[in-house]
Number of protein chains: 2
Amino acid sequence: MSGEDAPAQQQNAEEQKQQQQQQESKTPAESPKTESKPDPPPSSASTEAAAADTPAPAAEKAPEEDTFSYRALVLTGYGGYDKVKLQVKKGKPALKSGEVMVRVKMCGLNFADLMARQGLYDRLPSPPVTPGMECSGIIEAVGEDVTDRKVGDKVLVLNRSGMWQEVVVVATTHTFLMPEGMSFEEAAALPVNYITAYLMLFDFGHLRPNQSVLIHMAAGGVGIAATQLCKTVNDVTVFGTASASKHEVISQGGVTHTIDYRTRDYVEEIRKISPKGLDIVLDPLGGSDTHKGYNLLKPMGKLVSYGAANMLAGQKKNLFVVAKTWYQQFSVHTLSLIQGNRSVCGFHLGYLDSETELIAQAMAAVMDLYRQGKIKPRIDSTYHLEQVGDAMRRMQERNNIGKIILTTEPMKEEEKKEEAKKDEEKKKDDKKKDDKKKEDKKKDDAKKDDKKAEEKEEAKKEEN
Amino acid sequence: MSGEDAPAQQQNAEEQKQQQQQQESKTPAESPKTESKPDPPPSSASTEAAAADTPAPAAEKAPEEDTFSYRALVLTGYGGYDKVKLQVKKGKPALKSGEVMVRVKMCGLNFADLMARQGLYDRLPSPPVTPGMECSGIIEAVGEDVTDRKVGDKVLVLNRSGMWQEVVVVATTHTFLMPEGMSFEEAAALPVNYITAYLMLFDFGHLRPNQSVLIHMAAGGVGIAATQLCKTVNDVTVFGTASASKHEVISQGGVTHTIDYRTRDYVEEIRKISPKGLDIVLDPLGGSDTHKGYNLLKPMGKLVSYGAANMLAGQKKNLFVVAKTWYQQFSVHTLSLIQGNRSVCGFHLGYLDSETELIAQAMAAVMDLYRQGKIKPRIDSTYHLEQVGDAMRRMQERNNIGKIILTTEPMKEEEKKEEAKKDEEKKKDDKKKDDKKKEDKKKDDAKKDDKKAEEKEEAKKEEN
Ligand SMILES: NC(=O)c1ccc[n+]([C@@H]2O[C@H](COP(=O)([O-])OP(=O)(O)OC[C@H]3O[C@@H](n4cnc5c(N)ncnc54)[C@H](OP(=O)(O)O)[C@@H]3O)[C@@H](O)[C@H]2O)c1
Ligand SMILES: NC(=O)c1ccc[n+]([C@@H]2O[C@H](COP(=O)([O-])OP(=O)(O)OC[C@H]3O[C@@H](n4cnc5c(N)ncnc54)[C@H](OP(=O)(O)O)[C@@H]3O)[C@@H](O)[C@H]2O)c1
């Protein structure tokens, strides 16, 4: 892997060039492909070895293959924001039959990318690896037997991983033509959120007019997609939980009843309005919230579990929180389901990799709705690849309303200097926060000790 | 409760009259209602006491109220076929607001009635109680505020219990007008089986073209209904398990692949044809079959659990079999559901009592399909109320193809004599079977003893 393991934010174009040159002199010219090939998409992984053995059309190596390079984000290990680094990959990736090469414009950030960075997402191959499940861009080359895509086509791409880089190679079945009028931002914001929301609401949920739906994280990527899809059905009541500052936006977006889960008991709030319960509960939280969701179901109600956001607390993995969420994981007996006339479903797009037909059908339906103006991804903010840490922080600290996008467009020099300054401040800030935490803990421990002492005192008194 | 606790098959009209007269002389004329009122439907149960306190329109008692009597099947206790007895109830049931009185023509027998007789069905009130969840008939009287039904209307009725008698009183919301051209047999065969199959396939299952469905007990009431409903959707592949003798009929009825579960491993058979698995599994069996069904699901597949037929073995409750089925009951973690993209649903019509709107919608859809000629209940056989034991035996011994119906039409004298003879033979037959079982067990035990002896011998040899 070429490129250096420095935090993305700190790496400027000058440095990159230097590194590149160093790498080029170090790396034997005969083997650039293995050295610098991007992480292969899973669809082609199995045929990899075979392809390498076949000399055929790639045998006469074009000089371009040596000079071809592109920037890529790489997860270098599990941990905090700085574990995702901007690197330069070298060598033109080989195109197998049925594959296309895409020059990436925009990438989507997903909650799973935060989980993945902490080692909590099982569908990302082990580091070092390029994360990213979706992007948009323009087709730059097509492999043999590709008839449904041509150079210049604008596409959006959905893949298990490897999308956070300037150039990606994927099976055509993982690409979808962008409809007229769709921006690259929108295209990168659409695949994961809308396919997920669509299959949950309409396949598992079988949403119909007059029904009621609970959407957690209603101001997030999936949340806004789900709300918009609910609105395509007549008279659906949407309960949406989100931090209070986002309520106005999501109300306008279609949430009927907004609930600030941080200050209120959402179960109580829902029961007040809908004493009989709900038809569909979408549960991205896991742990004790799955139990709550299940108990909120009406007869013939459906709970769709599709995440464990509750496992995430802070920048680095918090083992206590992970263990607690895990321990509280929901399990159910058929007897309970039968007596309640309920359904519990699990959804994971990452495990639908090979279900190309299913995904294509859902995508076609979603695209149709986009063309009719019934759905439209809401972009929260766009970051340069260099700023991936900031992007992740924004989501982690619960500040986004809608989708966070990464753009491959290079950062301007002045922007970079600005960033470097901000970075320093952020680091100081983080340190302060850490120190405060430690301080608080000390105080807390001291208080506990005091309390223990008091209790002992109390006990003694009682004894006498 | 009037009437005597003799097995239904043995009770002839003569005896009934005698009993009736005896009862009439014993029972004080002032309180016939409490003595002989039919088991109230659950919808009115809670208002019962209040109604009895209110003298209002029923205060001036018509003489008819004393002489009014009707035959009713009554479950007198848990056990074998003879626990359901034909009795005579006396006194005209009071009609509350929103209720209608129906003169019953035909009743449907359901698998749950077999379970109920053994004390394995929790939605039937404790004995003595009149079982039966569905019937068809003609409206004989309407209560106050009833505007959507009139005397003379032909209706089918769906209720939690109490339908196996000549006269029933239910809330109008539990009655549905029979479409033109529907026979009373069909009308009594339709509610439970078709509403169950409809909600499972289309609400939980969200069945769509090109999908595949596993239907167990495919030649039974629900099985045939489900098969017909599958056929209303394009290119659905139906796997149906049933005893071999029924395969021809169910093939003609629309089952694509018939499987004799008694001689073959159905999981293997299905995997051979559908290696990727199934979209929907309807599971009325419970126990280990639920696990098998779950493992047969494709991504986005749905398992609907709706019964525990495996608990039933023989005429009387078999505690070992019950415990085993119970012990093997399926339970699932959300993690497994998420990783498999699967859904597990539980369905129980008996717990949808108060969901009148939901049921009405499903019934309307089913009636529409009937009118279009797309579904048609298949009647296996029709029995007199006196023959309820035979009817149950036919289902229990796995001989029915389609629905078993009970008719309220009185039996002719010669028929009764025939029956009495057959009954004697059956009893002898049952005794022979019992004796054979005992004999077999003795032999078995003897063999086991022999084997143990051999093993001991063997062990001794090895020791030396
Ligand atoms: N199974 C699948 O295939 C699949 C696919 C896509 C997404 N998902 C799941 O869907 C959920 C939403 O994903 P997304 O990508 O659209 O993200 P998102 O909703 O944009 O996530 C960010 C928001 O989540 C809320 N939140 C709740 N708990 C949080 C926590 N512990 N840490 C940080 N933020 C938290 C915060 O908003 P508020 O405070 O305003 O609520 C935050 O702004 C995630 O659980 C994700 O794993 C699953
Ligand atoms: N949850 C609900 O709301 C609901 C509503 C209706 C029915 N159900 C369930 O659906 C299933 C079918 O009910 P149904 O009323 O339509 O009955 P049915 O299918 O007509 O039942 C009789 C048939 O079941 C098969 N069978 C399988 N295991 C059996 C056993 N242990 N004992 C006797 N027969 C057995 C036999 O046929 P083969 O040998 O040919 O298979 C037999 O002919 C039952 O499990 C019932 O509890 C549930």
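Begin by selecting helix 8 (residues 191–204) and helix 9 (residues 221–230) of chain A in this predicted model, which pack at an angle of about 50 degrees with their axes 8 Å apart. Helix 8 of chain A and helix 9 of chain A are therefore oblique to each other, where angles under 35 degrees count as roughly parallel, over 145 as roughly antiparallel, 65 to 115 as roughly perpendicular and the rest as oblique. Helices (H or I, at least four residues) and strands (E, at least two) are DSSP runs, numbered from the N terminus. Axes are lines fitted to C-alpha atoms, for helices over the stretch in contact, and angles run from 0 to 180 degrees between N-to-C directions.

The crossing of these two helices, helix 8 and helix 9 of chain A, is right-handed; a crossing is left-handed if the near helix is turned anticlockwise from the far one by less than a right angle, and right-handed if clockwise. Now show the side chains: among the residues of helix 8 of chain A in this contact are A:Y194, A:Y198 and A:F202, while those of helix 9 of chain A include A:V222, A:A226 and A:L229. Contact means heavy atoms within 4.5 Å. The residues of the contact of helix 8 with helix 9 of chain A divide into 11 nonpolar, 4 polar and no charged, with Ala, Val, Leu, Ile, Met, Phe, Trp, Tyr, Cys and Pro counted as nonpolar, Asp, Glu, Lys and Arg as charged, and the others, Gly among them, as polar.

The contact is made by residues including A:I195 and A:D203 of helix 8 of chain A, and A:I359 and A:M363 of helix 15 of chain A. By class, the contact of helix 8 with helix 15 of chain A has 11 nonpolar, no polar and 1 charged residues.

Next, move to chain B and select helix 8 (residues 191–204) and helix 15 (residues 356–371) of chain B, whose axes come within 10 Å and cross at roughly 95 degrees.

Now display both chains together. Chain B can be laid on chain A with an RMSD of 0.0 Å by a turn of 180 degrees and a shift of 0.0 Å along the axis, and the two copies are thus related as by a two-fold rotation axis. Copies are superposed by least squares on the C-alpha atoms of residues with pLDDT of at least 70 in both.

For the backbone, zoom in on A:P128, in the loop between helix 6 (111–117) and strand 4 (134–142) of chain A, where the peptide bond from A:P127 to A:P128 is cis, with omega near -5 degrees. In chain B, the peptide bond from B:P127 to B:P128 is also cis, with omega near 0 degrees. Then select B:D145, in the loop between strand 4 and strand 5 (154–158) of chain B, which has a positive phi of about 65 degrees although it is not a glycine. Most residues other than glycine have a negative phi, and most peptide bonds are trans.

Residues are numbered from 1 along each chain as its sequence is written, and chains are lettered from A and ligands numbered from 1 in the order in which they are written. This is a predicted model, in which local features need pLDDT of at least 70, side-chain atom pairs count only at pLDDT 80 or more, and totals for chains, interfaces and linings use all residues, while side-chain values use heavy atoms, with hydrogens and water left out.
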